[in-house]
Amino acid sequence: MNIIRKIMTSRKYWPALMISVLLFAARSHGAVMLPGLETSRLDQKLKGLVLLEELNCTACHESRSSFAATSKRAPRLSGVGSRLNPYYLEKYIQAPHDINPGGTMPDVMAHLDVQEKKQAAEAITHFLVSLNKGPDFGLESPDTVAAELGETLFHSVGCVACHSPRNEKGEELLKEASVPLGALEQKYNVTSLIDFIRRPHDTRPSGRMPDMRLQSRDVERIAHYLLRETRVPGRLRYTVLRGRVWEGLDAEVEKERSGHTEDFDLMNFDTLNKNSALDFEGFLRIGKEGVYRFFLEMNGGTLWIDDKEVVNLIPSNRRGVKKVSGNARLEAGWNKIRFTYIHAGKEPRLSFEMEGDSFKRQAIPSSLLSISKTPIEPYKPYPVRGILVETGEHYFSKLGCGKCHDDIKVDSGGSIALSELNAAKGCLSGRKGPWPNYNLNDEQHKLLTAVLPRIETMQLSDAETVNKTLVTFNCIACHERVGLGGVMPERDHYFVGAKPELGNQGRIPPPLTHVGAKLNKAWLREVMLRGGRQRFYLNASMPLFGEMNVGHLVDLFEKVDALEEVSIPEVSNVKAFRNAGHEMVGTDGFSCIACHDFNGQKSGGAGALELIHTTQRIKKNWFHLYMLQPARFHQTVIMPTYWPDGTSLRPDVLGGDTGKQIEALWVYLKDGSRARNPKGLSRQSSELRVADVAVMCRGRGPAGYRGIAVGYPEGVSLAFDSEQMNLRFLWKGDFANINHGSWSVRGRDRIPFPTGIPFHRLGSMEDNWPYKRKSDYLFPHDHGYQYRGYFLDEHKRPTFMYRYGDIKVEDFFEDLLDESGKVYFKRTFSFESQRAQEQFYFRAASGNVIVEKPDNTYLIDGLTLRIVSAHQGIIREGEPRELLISLALPAGKSNLIMEYRW
């Protein structure tokens, strides 16, 4: 409704209103839907030509024109019985406009009576399926976890530029302006849809569906999303989760995969990592009402029957399995069951049995389980019958199917030449007969009627060929070009990027206006035909339509997009020009590196396009024009002009000559990756270096949202989590990078420490060490912690201050050299308490391997930790193992001292 109000109350939305009216009129009659054609401002003559090519009229009607070669070819049918559901195929052949409204597939049987149409469609399907050389089609259960991720991808990587976006119920929101998809779950299985998205040109060589160049995992996720309504019978649904499952599934746990399984037996799963969980859902069929007892042996988990908790065993990653049981009164028939099993701890395993009146104690048989209360019909292989195969081949020939689907070598006879067509007869007559019925609306009928008499003599200019191609492949769904259009207002918010600070340029693909004058042919070819890319911050990347389909645009863009020639000054002294360019790019000049990345180093600002590739992509003439007036080429550009009205802001560089200064930038950038770093680059790239005193930075990073990184003069660094008051990392070498409130580690030899609070009173050695869960908003204050800041010594080294209950803690790290000159950290805890403290523990480190050595020393993976003070370490088994130090503090002051070497 908001969009409609904007359209009705604002003049600038009137074109969108007209487009919407036309689209509604087209769809209301079930007409062919070609969004690029409907939304563009293409000349009527070219619109008719695009429509003629999309309907592949030259497949039936011979033509001497060049447009026969550019017409859209029908999908290849070889192996179609493996790729598509034969039952869908049969329905689609019988009534294509009902099954996929808006598609370009004609109804070639409109003149047949209902019974013969059904017989012909069935026979043709048998014929096509009989040609299969691969496996028969079968349905596959979609992965709901992948589907959740696929939903986000479908709406962000560019799919919805052409296809309709969908709401949370899966309903299409912009059907009237989208390439129709139909009910894909009736058409494909998971494997075949993945294959199609990954290699669309194998079966549709005309390239209207492009290769989106997605990673294999993303293709799979999108396929699972589009097929999420597929219903396959099964016993139980399961979801695998990974992470700190022993802390509960609301902690740091991620869904990994889902599917169907026969029962609760872990042998059904080929791989199951130790620290994971299985969430089972389904229905349990009970033969007789009564009280049933469930027996479980496991490390942890929860069982619900009809949404009532029956068993709840809190898991531990340290203890072994335990035996638990619970009772539930169940009604006869189907009872909802959900079981969450935690696969953690020592030697994890699962035993799940049930006992009841007249039901002997045993594992629940799979025959009593189902994913649905109501039956789901299993897929039955399509029964190919020889007698129908022969009939189907006859119909395939008689109805002219082989003229479009020419990879099936079946003679379909001749037909009238395109130049001899009478618009009052045949396909354009609006009557049913032995010809294809495309279900055209009045506007489409007029377009074809007008273009047919001129088709054999029609000649297009280069500009018209460019525009026709851009509309044919719907390039204008993403790109703006003068005279054609751009991103529709209703789709605008689906275009997103990783750098919102760049505004629209950080999320909308660049305009194609003047693109031939802007980009050199080599780079244009790289982008269009091989997927070259510089704007990595855009979520939508340039898809590939195939050289056969769009390769001609590379030359035509250059011919069509001419701009005035700039008088480029002669470079008399290359070194002087290069030095001038170097100065202007740096912080003492125009500070280009404040916004642009340079030679792999990130800018401190917006992170606009990498500068060193400029001369490899851009034509020099366009570069001069753009630098003079950036807003001429992009109205919303954030690039400032440094030569307003042609006058330089730096009269001290090259005599203030505007042309020479712009050329100096070109000369400097032409060195590419060999270009000398401009002044201020290190600062702009936010690298922090340590000299003779310690250096600190704070913010989001490896130590959480309130992490503090400290670099020490001896070349070692640490990361401290001020939220949980805990050491998180040690490393050597370079210190850190900072960027907009965040920081990252630069150095090597990184030693991680576990998340969570440093001190805790364990009830037993089987207890889990507390971690922050998603809903633990008071953590760690609810465990008695309070952060109190830090103070610095004369070398700027911090002492962190916090409280644990009524114990004051000061935590100090000192970088020292041993006798052999190797650096190490000495860590001193200073405790102060008004009363003696009973035993509690400090978790010093964790690792897969912990080995105790003499002199109170411990080897923990790559770390050597020595306890210097009179305290003892305890190795606690688990995954991972932990080194605990037992503490019982006297009243007053005391210390805990350790050394870290790695």
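**Close-up views of a predicted model**

**View 1. Strands 22, 23 and 24 follow one another through two hairpins.** Strand 22 (residues 798–804) pairs with strand 23 (residues 807–817) in the antiparallel sense, over six bridges. Here, strands are DSSP runs of E with at least two residues, helices are runs of H or I with at least four residues, and both are numbered from the N terminus. Two strands count as paired if DSSP finds at least two bridges between them. R803 has K808 of strand 23 as its bridge partner. Two residues lie between strand 22 and strand 23 in their hairpin, where G805 takes a positive phi near 65 degrees. Strand 23 is also joined to strand 24 (residues 823–833), by 10 antiparallel bridges. One of the partners to look for is T828 in strand 24, which bridges to F812. That hairpin has five residues between the strands, and its G821 takes a positive phi near 85 degrees.

**How to read the model.** This is a predicted model, in which local features need pLDDT of at least 70 and side-chain atom pairs count only at pLDDT 80 or more, while totals for chains, interfaces and linings use all residues. Residues are numbered from 1 along each chain as its sequence is written, and side-chain values use heavy atoms, leaving out hydrogens and water.

**View 2. An open sheet has four strands in the order 20-25-30-29.** The pairing in this sheet is antiparallel. Strand 20 (759–760) and strand 29 (873–876) are the edge strands, each pairing on one side only. Strand 25 (residues 840–847) and strand 30 (residues 881–887) share seven bridges in the antiparallel sense. Look for F840, which stands opposite L887 in strand 30.

**View 3. Helix 10 packs against helix 13.** Helix 10 (residues 144–154) and helix 13 (residues 216–226) meet at an angle of about 100 degrees, with their axes 7 Å apart. Axes are lines fitted to C-alpha atoms, for helices over the stretch in contact, and angles run from 0 to 180 degrees between N-to-C directions. The two helices are therefore roughly perpendicular, a term for angles of 65 to 115 degrees. Residues making the contact (heavy atoms within 4.5 Å) include L149 and F154 of helix 10, and I222 and Y225 of helix 13.

**View 4. Residues 1–29 have pLDDT under 50.** pLDDT is the predictor's confidence in each residue, from 0 to 100. Where it is low, the predicted coordinates should not be read in detail. For the chain, the mean pLDDT is 91, and 95% of residues reach 70 or more.

Note on methods: Angles under 35 degrees count as roughly parallel, over 145 as roughly antiparallel, 65 to 115 as roughly perpendicular and the rest as oblique.
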